[in-house]
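Here is a friendly walk through a fold you can follow on screen. Please have the viewer open and pick out each part as it comes up.

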Amino acid sequence: MKVLHANGEVTSMRKLEDGEQYLLKDLQEAVDGYVEIAWTGELDGELVHLLVNEEGQLWGLPFNEDGSRIAGRMLVGPVAVIRQRDIN
């Protein structure tokens, strides 16, 4: 899972072992709060989800240009990019 930060930085979450999947707590850690699926689609030939903090706009989190460009709508705060196969 990659995390696109509002400042343009991209970080990676821990690497999964074979057959392992991310848990809810991992997703919440990536977006610093409750998780909302902001977009689902194909990226680089693979089904992915963009996850955001569901309270990000209420908290006034900064605009995320990279995430917004992918989703085609305004996203704020950290945006987690996760492959479908990595979640249950």
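In strand 5, Leu4 has Val79 as its bridge partner. Strand 1 (residues 2-4) and strand 5 (79-83) run antiparallel and are joined by three bridges. This is a predicted model, in which local features need pLDDT of at least 70 and side-chain atom pairs count only at pLDDT 80 or more, while totals for chains, interfaces and linings use all residues. Residues are numbered from 1 along each chain as its sequence is written, and side-chain values use heavy atoms, with hydrogens and water left out.

**The sheet**

- Strands and helices here are DSSP runs numbered from the N terminus (strands: E, at least two residues; helices: H or I, at least four).
- Five strands form an open sheet in the order 2-1-5-4-3, with antiparallel pairing; two strands count as paired if DSSP finds at least two bridges between them.
- Strand 2 (10-12) and strand 3 (35-43) are the edge strands, each pairing on one side only.
- From one strand to the next, the twist averages 25° (axes are lines fitted to C-alpha atoms, for helices over the stretch in contact, and angles run from 0 to 180 degrees between N-to-C directions).
- Eight bridges link strand 3 and strand 4 in the antiparallel sense, and Glu36 stands opposite Val52 in strand 4.
- Strand 3 and strand 4 make a hairpin with two residues between them.

**Helix 1**

- Asp26, Leu27, Ala30 and Val31 are the buried residues of helix 1 (residues 24-31); buried means under 20% relative accessible area, exposed over 50% and partly exposed in between (1.4 Å probe, protein chains only).
- Seen down the helix axis, these buried residues fall within an arc of 125°, so they line one face of helix 1; the arc is that of the directions from the helix axis to the C-beta atoms.
- An α-helix has 3.6 residues a turn, so residues three or four places apart point the same way.
- Leu24, Lys25 and Glu29 are exposed on the face of helix 1 turned away from its buried side.
- The buried residues of helix 1 pack against strand 1, strand 3, strand 4 (46-53) and strand 5.

**The cores**

- The largest nonpolar core has eleven residues, including Met1, Leu16, Leu51 and Ile87; such a core is a set of buried Ala, Val, Leu, Ile, Met, Phe, Trp, Tyr and Cys residues joined through side-chain atoms within 4.5 Å.
- Helix 1 and strand 5 are the elements that give two or more residues to this core, and the largest share, three residues, comes from helix 1.
- A second, separate core of nine residues includes Val48, Val52, Ala71 and Val81.
- Val3, a member of the largest core, touches residues including Val10, Met13, Ala30 and Pro78, not counting those up to four places away in sequence; contact means heavy atoms within 4.5 Å.

- Asp86 is found in the segment after strand 5 and is buried, with a relative accessible area of 8%.
- The side chains of Asp86 and Arg83 are joined by a polar contact of 2.8 Å (a pair of N or O atoms within 3.5 Å; within protein, one must be able to donate a hydrogen and the other to accept it, and residues adjacent in sequence count only if both atoms are side-chain atoms).
- Leaving aside neighbours within four places in sequence, Asp86 is in contact with Leu16, Gln21 and Tyr22.
- Asp32, in the loop between helix 1 and strand 3, has a positive phi of about 60° although it is not a glycine, and counts as exposed at 54% relative accessibility.
- Asp44, in the loop between strand 3 and strand 4, has a positive phi near 55° and counts as exposed at 79% relative accessibility.
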